[in-house]
Amino acid sequence: MKTAVVLSGGGTRGAYELGAWRAFRELGIEYQIVTGTSIGSINGAMMCIGNYERTEEMWLGLKMTDMLTEKTGSSVGKKIASLFSFGVKKGASDDRLIAGAVDNSPFANFINTWIEEDKMRNSPIDYGLVTVRMKDRKPFMLSKDQIPQGKMKDYVTASASVFPIFPLHEIDGDYYIDGCYHDNLPIDLAIRMGAQHVIVVDLHITPQHENYAERPYTTYITPSEDTGPVLAFDPAKIRYNIEMGYRDAMRTFGKFKGFTYYFKPEGLKEFENAMDYFSMGCMEGEAAIGLNLKKKKSKQKIDRFRMFKMFSEYARGRGVTKEDYFIRGAEITADVFGLDHTKIWDMKDFVKEAFEKLGPESKYPEASTLLNGETLKVAKKLYLMQKEQGSDKLAGSLYYFLTKNEPDYEKLSHILSFFPKELATQLFLYSAKNA
């Protein structure tokens with residue numbers, strides 16, 4: 001079976017793809033095809049050669065001056081704005097279109113340094129990229145055997161010529177622009193080149209090709225958080241994205257659990273009772289909300305089932321399990337209390353730190369009377385606490401109130417459904433403590 005790796009465009013966010021490649025190496029995943037657009041075409045060229053250490057050297061040493069310099073006497077921001085307001089008409093040849101907003105001669109030197117055509121052509125791994133011819137907007141989706149001899153660096157440069165930031169790139173009298181203007185994530189090209197299984201490394205949290213995200217012949221990797229600006233030459237951010245790419249790829253292949261955080265699979269076994277308890281609480285709460293809405297025949301457009309949707313929003317159409325629900329409860333708790341997003345957690349350690357963040361009941365003087373009183377007054381009290389003291393204070397107050405008061409889900413459902421994160425945190429803590 002031929003496996004392809006497909007790499008997205010996205011500027012310096014492409015450091016994420018290096019991290020994914022590191023995971024593939026650790027997992028022993030072999031690929032016979034690699035396709036990419038823009039920075040994905042550069043990373044793809046390096047993956048075609050197969051020299052991970054050299055690619056890591058490239059990324060860890062990357063500076064803005066390796067890519068571009070602002071043209072004398074012009075503001076990059078103003079230049080880009082003027083180009084967008086000018087517009088791009090088919091067949092236009094205005095010098096502003098050719099020149100771009102910056103001088104990218106450093107980028108040409110960068111490509112000359114890092115892209116090695118002979119090694120790419122001699123590699124057993126096939127390679128493909130995407131670029132667009134400016135004059136007629138014709139896309140070129142090319143495998144390496146379709147790229148003329150001696151022109152590999154030119155076509156990689158063209159694929160990554162992010163107009164209007166970079167100028168158009170000339171090849172044999174025609175001008176070309178970044179392949180993102182046709183397909184920023186060339187899965188179709190990989191399949192056309194013979195792939196039977198595709199590993200997709202997207203740089204967008206929401207999949208760029210949603211239709212491929214749930215297919216049996218694709219393994220789709222997306223960032224667990226925003227990878228940042230397209231041109232961010234910050235060494236710390238580059239390193240962070242490399243590590244995130246590694247962790248997200250490892251999680252996608254089952255080495256870690258979670259959706260937006262990372263958990264060791266083996267650490268979840270002792271929490272099976274807590275998962276049952278958490279699921280039961282969700283079940284009772286959802287039924288109570290439904291019953292309450294039917295009784296009141298509410299016409300409000302507010303979605304009272306938001307909390308439950310938060311538990312399944314990353315499932316991408318597959319059925320969710322009790323474990324999924326419990327993990328999402330943990331992740332929401334981590335967001336509320338500000339737990340480390342980058343750590344690979346053992347669930348026991350995670351629960352311990354969550355309770356340390358929660359702190360003693362004395363931190364929550366309003367907890368004992370939090371849900372007492374008339375409905376409107378209670379709702380106002382909760383809203384003000386969330387707004388003025390934060391979600392963590394509201395979640396903690398809910399926890400300490402509900403640990404000492406048997407919740408009347410039917411009575412409370414129409415109030416608590418307005419605070420899905422805080423209620424999910426309370427339920428997770430209660431389940432982890434009492435199951």
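Helix α2, which spans residues 39-49, is mostly covered, with 10 of its 11 residues buried. The structure is a predicted model. Its protein chain comprises 18 helices and 12 strands, and 52% of the 435 residues count as buried.

**Helix α2 and the residue that follows**
- The buried residues of α2 include the run I39, G40, S41, I42 and N43. G44, A45, M46, M47 and C48 of α2 are likewise buried.
- Just after α2, G50 adopts a positive phi of about 90°.

**Packing of α1 with α3**
- Two packed helices are described by the angle between their axes and by the distance between those axes.
- The axes of helix α1 (residues 15-27) and helix α3 (residues 52-60) come within 11 Å and cross at roughly 155°. Angles over 145 degrees count as roughly antiparallel, and α1 and α3 are therefore roughly antiparallel to each other.
- The crossing of these two helices, α1 and α3, is left-handed.
- On the α1 side, the contact is made by A15, L18, W21, R22 and R25; α3 contributes Y52, E53, T55, E56 and W59.
- By class, the contact of α1 with α3 has 5 nonpolar, 4 charged and 1 polar residues.

**The chain as a whole**
- Among contacts in the protein chain with a separation of 6 or more, 72% are accounted for by residues 24 or more positions apart.
- The protein chain exposes about 19,900 Å², and carbon and sulfur atoms supply 50% of that area.

Notes:
Residues are numbered from 1 along each chain as its sequence is written. This is a predicted model: local features need pLDDT of at least 70, side-chain atom pairs count only at pLDDT 80 or more; totals for chains, interfaces and linings use all residues. Side-chain values use heavy atoms; hydrogens and water are left out. Helices (H or I, at least four residues) and strands (E, at least two) are DSSP runs, numbered from the N terminus. Buried means under 20% relative accessible area, exposed over 50%, partly exposed in between (1.4 Å probe, protein chains only). Contact means heavy atoms within 4.5 Å. Accessible areas come from the Shrake-Rupley method with a 1.4 Å probe; for residues, only the protein chains shown count as cover. Axes are lines fitted to C-alpha atoms, for helices over the stretch in contact, and angles run from 0 to 180 degrees between N-to-C directions. Angles under 35 degrees count as roughly parallel, over 145 as roughly antiparallel, 65 to 115 as roughly perpendicular and the rest as oblique. A crossing is left-handed if the near helix is turned anticlockwise from the far one by less than a right angle, and right-handed if clockwise. Ala, Val, Leu, Ile, Met, Phe, Trp, Tyr, Cys and Pro count as nonpolar, Asp, Glu, Lys and Arg as charged, and the others, Gly among them, as polar.
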